Amino acid sequence: MEEKDDRSALRQSLITQKKRAAELCKQAGKGKEYLEEFWKGLCSSEGMLREFAYYFDTKGFLCEKKVAGYSIADIMVWQVDHFKAYLDRGEDCLRYDSAKLLLSAFDIMMKMESEPGSYVEKMRQESGTDRPDAF
């Protein structure tokens, strides 16, 4: 009986997480096709679904999962640095759109698993400043 209860709880949790993913995608202006790929990535990437659930439960980052030493919080910080630079330039990018910023961070982390090198290089090279003499 306990095993059946565990499966039922797991099924309910997955339903809840997919609803959260659907709402996030909707808020970010993404369609059903994007949602399906995003959901598939969350479910197939070890630890990502847990990170995702933790964020929505607490509005904080668990940061247990790391790819090439980077956590989801590291990716958010990198994106925010770019956001600040875009504000200086007057370009929109992810301006005022926390749903796109969050969705992008999870998406980048999942993509990093299969191709970490290009993302790690960008995070190391791109400071987010539009002043080349800043560093």
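This is a predicted model: local features need pLDDT of at least 70, side-chain atom pairs count only at pLDDT 80 or more; totals for chains, interfaces and linings use all residues.
## Helices α2 and α3

Helix α2, spanning residues 32-44, and helix α3, spanning residues 48-58, have axes that come within 6 Å and cross at roughly 110°. Because angles of 65 to 115 degrees count as roughly perpendicular, α2 is described as roughly perpendicular to α3.

On the α2 side the contact is made by Phe38, Trp39, Leu42 and Cys43, while α3 contributes Met48, Leu49 and Phe52. By class, the contact of α2 with α3 comprises seven nonpolar residues, with no polar and no charged residues.

## Helices α5 and α6

The axes of helix α5 (residues 98-114) and helix α6 (residues 116-125) come within 6 Å, and they cross at roughly 125°; that crossing makes α5 oblique to α6.

From α5, the residues making the contact are Ile108, Lys111, Met112, Glu113 and Ser114, and from α6 they are Pro116, Tyr119, Val120 and Met123. Divided by class, the contact of α5 with α6 has six nonpolar residues, one polar residue and two charged residues.

## Ser45 in the loop between α2 and α3

Ser45 lies in the loop between α2 and α3, and its relative accessibility is 6%. Since buried means under 20% relative accessible area, Ser45 counts as buried.

When residues up to four places away in sequence are not counted, Ser45 touches Lys65, Met110 and Glu113. Of these partners, Glu113 also belongs to the contact of α5 with α6. Ser45 and Met110 are 65 residues apart along the chain, yet their C-alpha atoms are separated by 6.8 Å.

Notes: Residues are numbered from 1 along each chain as its sequence is written. Side-chain values use heavy atoms; hydrogens and water are left out. Axes are lines fitted to C-alpha atoms, for helices over the stretch in contact, and angles run from 0 to 180 degrees between N-to-C directions. Helices (H or I, at least four residues) and strands (E, at least two) are DSSP runs, numbered from the N terminus. Angles under 35 degrees count as roughly parallel, over 145 as roughly antiparallel, 65 to 115 as roughly perpendicular and the rest as oblique. Contact means heavy atoms within 4.5 Å. Ala, Val, Leu, Ile, Met, Phe, Trp, Tyr, Cys and Pro count as nonpolar, Asp, Glu, Lys and Arg as charged, and the others, Gly among them, as polar. Buried means under 20% relative accessible area, exposed over 50%, partly exposed in between (1.4 Å probe, protein chains only).
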